[in-house]
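Me: I would like to learn how to read a structure like this one. Please show it to me, and we can go through some features in turn.

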Amino acid sequence: MGKTKHEGPIKLDTSWQPSLWASLMPMGLGKIKPHHIRDTMKVVYENRDNLGYAYRILTQGVCDGCALGVSGLYDQTLTGPHLCTTRLNVLRLNTMPAIEPKWFEDVSALQKMSSVELRQLGRIPYPMSRKPGENKFSRISWNEALDRIAKKIKGISPKQLAFFLTSRGITNEVYYTAAKMARFLGTNNIDNASRICHSPSKTALKRSLGIGASSCNYQDWIGTDVLVFWGSVPANNQPVSTKYMYAAKKAGTKIILINPYKEPAMEKYWIPSVADSALFGTKIVDDFYQVNIGGDIAFMNGVMKHWFEMEEAQPGSAIDHAFVKQHANGMAELKKHVMIQEWEKLEASSGLTRERMKEFAVLLAKAKSGVFVWSMGLTQHRFGTDNISQVANLAVLRGYLGRKNCGVMPIRGHSGVQGSGEMGADPFSLPGGDFEEKSWTRIEKLWGFQIPKWQGDIVGISIENALLPEGHERKTRVFYTSGGNFLETMPNPDFMKKCLESVELRVHQDIILNTSTLVDAKEEVIILPAMTRYEQPGGGTSTSTERMVYFSAEIEGPRIEEARAEWQIYVDLAARVNPEKKHLMHFSSAQEIRDEIAKANPNYDGIQHLKNRGDVFQWGGAWLCEDGVCPTADGRANLLAIEVPDLTKPEGHFYVTTRRGKQFNSMVYSSTDPFNNADRYDVLIHPDDAKELRIAEGENVVVYNRHGTFQGRAKYEATKRGNIQVYWPEGNVLIPKGVYEMYAGIPEYNTAVKVEKADSFNANKDLNYVEKRIEDLDVSVG
């Protein structure tokens with residue numbers, strides 16, 4: 001790993017620069033934009049019963065929102081306080097009181113509520129049980145709950161047991177304990193929330209560069225020649241990062257967005273903590289490249305084709321030959337593959353002209369430094385791993401690796417989820433290594449027990465395996481999930497509901513109820529109340545996007561009386577399943593877990609010393625692959641020839657993808673998108689496309705394919721022609737079930753659809769279209 005250490009936060013240039021202003025109208029009056037002051041006042045009101053505790057969480061705790069890594073009000077990028085609405089929105093999850101017991105007396109009434117309404121009821125107060133035919137949750141003791149779960153686990157094959165951990169403020173200590181417990185119980189069916197967001201980033205970076213995390217820091221954005229965002233809208237998902245972009249603009253950085261939708265949040269943003277930006281806004285992006293949904297591979301092949309053509313005319317004009325010769329494999333094969341690509345095919349797939357691709361190619365060719373940032377716009381495809389390897393190809397060819405102001409960054413949207421796989425809560429990983437013989441031997445020596453050697457399933461397959469016939473060795477009979485709402489995160493919610501109902505025993509370990517919690521099970525649903533990260537005795541740690549490991553201390557405040565730290569629950573359960581060997585799966589404190597993590601994952605040597613508020617260290621140094629040396633078998637990067645995927649869609653169909661509004665994960669905080677004023681059931685469509693279909697703005701439309709039907713209203717927006725966007729999770733009804741990326745197992749979240757004018761608006765249901773012969777449509781987009 002790198003030898004250079006992070007320099008720590010730098011001072012923000014706050015001098016006024018009118019050329020960057022988005023508007024001369026003070027405070028963006030009359031503009032469609034977030035209302036930060038109003039939203040902050042709303043949060044204060046919501047937390048009025050626990051304001052002191054809320055204040056301590058914000059000023060003493062590590063943010064449990066996105067993965068930028070803000071400790072208290074400070075981070076490692078810029079000096080000064082940082083606070084965003086994403087963090088404020090999730091604050092109430094930590095401060096609200098327990099749900100009133102009366103709500104558990106009528107499950108049918110709860111089932112009529114949305115997840116927003118369920119969340120507002122409060123925290124889960126105590127262990128509960130519900131069996132088939134019962135319309136209420138019955139309170140049970142912790143002993144009874146864990147004994148029932150343990151008895152069921154002992155009566156099934158380990159291959160019929162599956163665990164899942166969401167990204168809900170979960171700490172490294174919890175991920176690690178869960179990973180160890182799963183193997184102690186004999187199963188490798190354990191997965192985490194990165195499976196449905198950034199799993200392709202890890203698989204691609206591993207095969208291309210030998211790393212599984214961001215190679216650089218947020219600080220490298222500031223002063224790089226070009227900062228490229230691919231399918232990522234950090235202004236919406238990681239609002240604090242707009243401060244970093246502001247600093248980058250001040251330092252002369254060009255910012256580019258490659259996305260099917262010309263995102264308003266990235267065009268102009270009013271940064272509340274910077275005076276001139278709060279008043280007049282900031283123009284963030286210098287140029288938009290609007291690709292087709294799924295057209296990024298073709299676009300990048302076009303860029304490289306231009307580079308190779310530029311090299312033929314003038315050697316050294318586009319590619320860093322010295323870097324490639326010393327640090328990369330596969331140059332000849334990549335060039336051969338790219339040069340036979342036909343421009344017509346690249347233009348059709350990408351949606352961009354040859355000339356437009358050349359503009360971007362020349363921009364990068366002239367840039368001495370560059371940082372590439374991406375999110376789910378690249379990963380949530382059946383070819384997500386190939387998308388990311390293409391980004392790595394561009395970075396290697398230009399030598400944008402292992403030095404200041406250069407790198408590749410999968411920007412995480414969830415606090416701490418970077419640590420999930422690094423702690424081994426993943427079917428393809430063990431702490432500090434992949435799931436392979438070398439890691440088995442090392443971990444077995446540390447843990448003192450044998451781990452199962454069979455390959456575990458990703459969470460989507462584990463859930464689907466509940467539908468396997470009786471007696472099948474991999475039929476999921478117990479599904480234990482720490483957080484997560486699969487009805488609202490996975491494609492095809494009706495199918496997911498059928499799968500969840502087919503599990504014999506489902507355990508929901510969580511802080512709040514959601515719609516998945518209320519789904520029936522064949523034998524029993526058990527709910528266990530969990531502590532938040534701020535309540536965890538002995539504190540906890542989380543790992544940010546840039547590999548900073550932060551310590552978050554336990555914070556004084558009110559407690560849910562029967563809630564337990566999640567790692568303590570796992571330890572207790574393991575002891576009940578296998579009491580003879582419980583000493584091998586025992587931790588008495590969070591510090592003991594950190595001590596063992598330092599031994600299990602060499603990168604985390606240092607976590608054992610994090611004990612006080614504000615303690616932090618970065619594993620791997622400032623830059624992974626420093627000086628171009630990659631942690632691969634031969635120390636070199638691998639340039640890979642990536643095929644352009646088949647994006648064929650039937651005549652008259654649109655590509656559709658899902659987007660996020662004012663929400664965190666699947667938790668929606670407003671029915672209106674603050675950046676474009678869209679409703680959750682608005683369908684974002686290019687005006688010319690809509691007019692060709694004789695659809696006026698605001699008219700009712702139905703979007704459908706053989707997977708499902710979505711009812712909404714047309715909203716004219718600057719989307720790429722032939723492409724539409726619907727909100728997630730509402731639009732998941734259109735997404736095909738059971739389609740997973742071959743390397744990383746992420747579900748496909750894009751498909752092809754028909755769009756037609758509808759007669760009435762019924763929020764996702766249009767009875768006038770029930771008789772449509774949807775099953776006859778051939779709408780697979782792959």
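Me: Which residues of α26 are buried?
Reply: Buried means under 20% relative accessible area, exposed means over 50%, and partly exposed is in between (1.4 Å probe, protein chains only). In α26 the buried residues are A590, I593, R594, E596, I597, A598 and A600. This is a predicted model, in which local features need pLDDT of at least 70 and side-chain atom pairs count only at pLDDT 80 or more, while totals for chains, interfaces and linings use all residues. Residues are numbered from 1 along each chain as its sequence is written, and side-chain values use heavy atoms, with hydrogens and water left out.

Me: What covers the buried residues of α26?
Reply: Helices (H or I, at least four residues) and strands (E, at least two) are DSSP runs, numbered from the N terminus. Contact means heavy atoms within 4.5 Å. The cover over the buried residues of α26 includes the helices α7, α21 and α25 (566-577), together with the strands β18 (540-543) and β19 (548-552).

Me: How is a pair of packed helices described?
Reply: Two numbers are used: the angle between the axes and the distance between the axes. Axes are lines fitted to C-alpha atoms, for helices over the stretch in contact, and angles run from 0 to 180 degrees between N-to-C directions. Angles under 35 degrees count as roughly parallel, over 145 as roughly antiparallel, 65 to 115 as roughly perpendicular and the rest as oblique.

Me: At what angle do α7 and α26 cross?
Reply: The axes of α7 (residues 172-184) and α26 cross at roughly 70° and come within 10 Å. α7 is therefore roughly perpendicular to α26. On the α7 side the contact is made by N172, E173, Y176, T177 and K180, and on the α26 side by A590, I593, R594, E596, I597 and A600.

Me: How many residues of that contact of α7 with α26 are nonpolar, polar or charged?
Reply: Ala, Val, Leu, Ile, Met, Phe, Trp, Tyr, Cys and Pro count as nonpolar, Asp, Glu, Lys and Arg as charged, and the others, Gly among them, as polar. The contact of α7 with α26 has five nonpolar, two polar and four charged residues.

Me: How do α21 and α26 pack?
Reply: Helix α21 (residues 437-447) and helix α26 (residues 590-600) have axes 10 Å apart, at an angle of about 150°. The two helices are therefore roughly antiparallel to each other. R442, I443, L446 and W447 of α21 meet E596, K599 and A600 of α26. This contact of α21 with α26 divides into four nonpolar, no polar and three charged residues.

Me: Which hand does the crossing of α21 and α26 have?
Reply: A crossing is left-handed if the near helix is turned anticlockwise from the far one by less than a right angle, and right-handed if clockwise. The crossing of α21 and α26 is right-handed.

Me: Where does Q536 lie, and is it buried or exposed?
Reply: Q536 is in the loop between β17 (524-529) and β18. With a relative accessible area of 3%, Q536 is buried. Leaving aside neighbours within four places in sequence, Q536 is in contact with T171, E173, V174, M531, E554, A565, W567 and A590.

Me: How many residues of α3 are buried?
Reply: Helix α3 (residues 85-95) is mostly covered, with eleven of its eleven residues buried. Those residues pack against α1 (36-46), α2 (51-60), α5 (115-119), α9 (234-237), β23 (663-664) and β24 (667-668).

Me: How do α2 and α3 cross?
Reply: Their axes come within 10 Å and cross at roughly 125°. That makes α2 oblique to α3. The crossing of α2 and α3 is right-handed. Y53, A54, I57 and L58 in α2 meet R87, L88, L91, N94 and T95 in α3. By class, the contact of α2 with α3 has six nonpolar, two polar and one charged residues.

Me: Is E717 buried or exposed, and what does E717 touch?
Reply: E717 lies in the loop between β27 (709-716) and β28 (723-727). At 13% relative accessibility, E717 counts as buried. Not counting residues up to four places away in sequence, E717 touches Y261, N676, L684, I685, H686 and P687.
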